[in-house]
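User: I am new to this structure and would be grateful for a close look at a single part of it. Please set that part in the context of the whole.

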Amino acid sequence: MVVISLILVALVAIEHLYILVLEMFLWTTPRGRKTFGTTPELAEASKSLAANQGLYNGFLAAGLVWGIFHPDAAFGRQIEIFFLICVLVAALYGGATAKRSILLMQGLPALVALLAVLVL
């Protein structure tokens, strides 16, 4: 059962690594613009802000990976809980201030993973 929670946490980490790539490296590309609904002009003007956001998403992913691979499983679980809560807070804020779909795309996977870590 613990394997299921580790897989769910890993999926959230992978999602945030993907967001890092989108925001840091693909922001001004057609794929990045389509994902975030920006114009070429807005994407160019905001690329340093997006890169900063991407870096923070990378920190969330790093924390989740740290929790997964920590040699002390009990402490690793605490790390996972902390970073999943951070993802949830970020999703709630992003959903309230930027785009409601963030709640579904980032918040829901984090919530499911958090529940799995807490219950399994």
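In which helix is Ala45 found?

Analyst: Ala45 belongs to helix α3, which covers residues 40-45. The model described here is a predicted one. Ala45 has 65% relative accessibility and therefore counts as exposed, the threshold for that class being over 50%. In sequence, Ala45 lies 42 residues from Val87, and their C-alpha atoms are 26 Å apart in space.

Together with Val9, Val12, Leu64 and Leu84, Val87 is listed among the residues with the most contacts inside the largest nonpolar core, a set of 17 residues. Two or more residues of this core come from each of α1 (2-25), α4 (47-69), α5 (73-97) and α6 (101-119). The greatest contribution is that of α5, with six residues. In soluble globular proteins, nonpolar side chains tend to be buried together.

Beyond its neighbours within four places in sequence, Leu64 is in contact with Val9, Val12, Ala13, Glu80, Phe83, Leu84 and Val87. Val65 counts as partly exposed because its relative accessibility is 33%, which falls between the limits of 20% and 50%. Along the chain, Val65 and Gly94 are 29 residues apart, and 23 Å separates their C-alpha atoms.

Leu108 is located in α6, and its relative accessibility of 40% is the reason why Leu108 counts as partly exposed.

The setting of these parts is the whole protein, which contains six helices and zero strands. Its order of elements from the N terminus is α-α-α-α-α-α. The C-alpha trace spans about 45 × 25 × 20 Å along its principal axes. Of the 120 residues, 38% are buried. Contacts between residues at least 6 apart in sequence join residues at least 24 apart in 56% of cases. The protein exposes about 7200 Å², and 75% of that area is supplied by carbon and sulfur atoms.

Conventions:
Residues numbered from 1 in each chain as written. Predicted model: local features only at pLDDT ≥ 70, side-chain atom pairs only at ≥ 80, totals over all residues. Heavy atoms only, no water. Core = buried A, V, L, I, M, F, W, Y, C linked by side-chain atoms within 4.5 Å. Buried < 20%, exposed > 50% of the residue type's maximum accessible area, 1.4 Å probe, protein only. Helix = DSSP H or I, 4+ residues; strand = E, 2+ residues; numbered from the N terminus. Contact = heavy atoms within 4.5 Å. Areas by Shrake-Rupley, 256 points an atom, 1.4 Å probe, with all protein chains shown as cover.
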